[in-house]
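Please look through the sequence and the model shown here before reading on. The report that follows goes from the whole chain to its parts.

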Amino acid sequence: MPRRAKHQLVANTQNSKQEAPARQTSARTPATRYAKGVARHGEILETAKRLFGERGFRGTALREIAAECGIAHSTLLHYFPTKQSLLMAVLAERDERARSESERLERLDDILDFTRRIATTQGTDPGMIELTTKMMAEATDPDHPAHDFYKTRSAQLVENLARLLEHAKQRGFLREGVDPKGASQGFFALRDGAQLQWLLDPTSIDVPELLVWYQRSLFTEDND
């Protein structure tokens, strides 16, 4: 074999040996990147939820959320292109946590406490409540970009609470004749209307107490 060809064969063999580890490393990269992406997504949601609660939706900028997370503004936009999309993700994540928690409740006192927290999940931030109330009203238009989100979210909230009330009914907590699905629909209709009144005059109504009163009217007095 000519010397030149022999040297080329040796070089190709050495290069292939050196490239093998690199290919193995790159094969693990997608999984690593995915895990980092999931973790960053969760961090952004937690940070947004905290800042929205502290400063209100209007008082919080996406750049501030990015800075709190230690990432570039452009990186945050890769996950959430608008502040509205980030808010909807926060709401969806919060609803899923509430659904999971409701499935573990056994005692009536726990159910009532859970109800109170449902009423106060948006805190006492008029900016946040005003925003979500207006967005829901606007989203009744089928052509609105958030229409499907709010339609699905509303149905899921009613379904989740109805499931919890059915759970209570099986344990003899509900008064005779109370329909879990109808009671759940009434709860959220009352909440939405009460929040609207609260926006007009925060001193005129105590939303959590009103909703707990409504819930108590559904249950029997003997719940031990």
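## The chain as a whole

A residue is called buried when its relative accessible area is under 20%, exposed when that area is over 50%, and partly exposed in between. By this cut-off, 36% of the 224 residues of the protein chain count as buried. The model is a predicted one, and its secondary structure comes to nine helices and zero strands, so that from the N terminus on the elements run α-α-α-α-α-α-α-α-α.

Among the contacts between residues at least 6 apart in sequence, 66% join residues that are at least 24 apart.

Helix H2 spans residues 62-69, and its buried residues are Leu 62, Ile 65, Ala 66 and Cys 69. Around the axis they cover an arc of only 100°, and therefore they lie on the same side of H2. The general rule behind such a pattern is that an α-helix has 3.6 residues a turn, so residues three or four places apart point the same way.

The face of H2 that is turned away from this buried side carries the exposed residues Arg 63 and Ala 67. Just after H2 comes Gly 70, which takes a positive phi of about 75°.

## Helices H7 and H8

The axes of helix H7 (residues 147-170) and H8 come within 8 Å and cross at roughly 130°. H7 and H8 are therefore oblique to each other, because an angle has to be over 145 degrees to count as roughly antiparallel. The crossing in which H7 passes H8 is right-handed.

On the H7 side the residues that meet H8 are Leu 157, Val 158, Leu 161, Ala 162, Leu 165, Glu 166 and Lys 169, while those of H8 include Pro 180, Ala 183, Phe 187 and Arg 191. By class, the residues of this contact divide into nine nonpolar, two polar and four charged.

The loop between H7 and H8 holds Phe 173, which is buried, with a relative accessible area of 7%. From C-alpha to C-alpha, Phe 173 is 9.1 Å from Arg 107 in space, and the two are 66 residues apart in sequence.

## Helices H8 and H9

Helix H8 (residues 180-200) also packs with helix H9 (residues 207-216), at an angle of about 160° and with their axes 10 Å apart. H8 and H9 are therefore roughly antiparallel to each other, and H8 passes H9 in a right-handed crossing.

Among the residues of H8 that make this contact are Gly 182, Ala 183, Gly 186, Phe 187, Leu 190 and Trp 198, and H9 contributes Val 207, Leu 210, Leu 211, Tyr 214 and Gln 215. Sorted by class, the contact of H8 with H9 has nine nonpolar, four polar and one charged residues.

How values were computed
Residues numbered from 1 in each chain as written. Predicted model: local features only at pLDDT ≥ 70, side-chain atom pairs only at ≥ 80, totals over all residues. Heavy atoms only, no water. Axes fitted to C-alpha atoms, helices over the stretch in contact; angles between N-to-C directions. Helix = DSSP H or I, 4+ residues; strand = E, 2+ residues; numbered from the N terminus. Parallel < 35°, antiparallel > 145°, perpendicular 65-115°, else oblique. Left-handed = near helix turned anticlockwise from the far one by under 90°. Contact = heavy atoms within 4.5 Å. Nonpolar A, V, L, I, M, F, W, Y, C, P; charged D, E, K, R; others polar. Buried < 20%, exposed > 50% of the residue type's maximum accessible area, 1.4 Å probe, protein only. Arc of directions from axis to C-beta.
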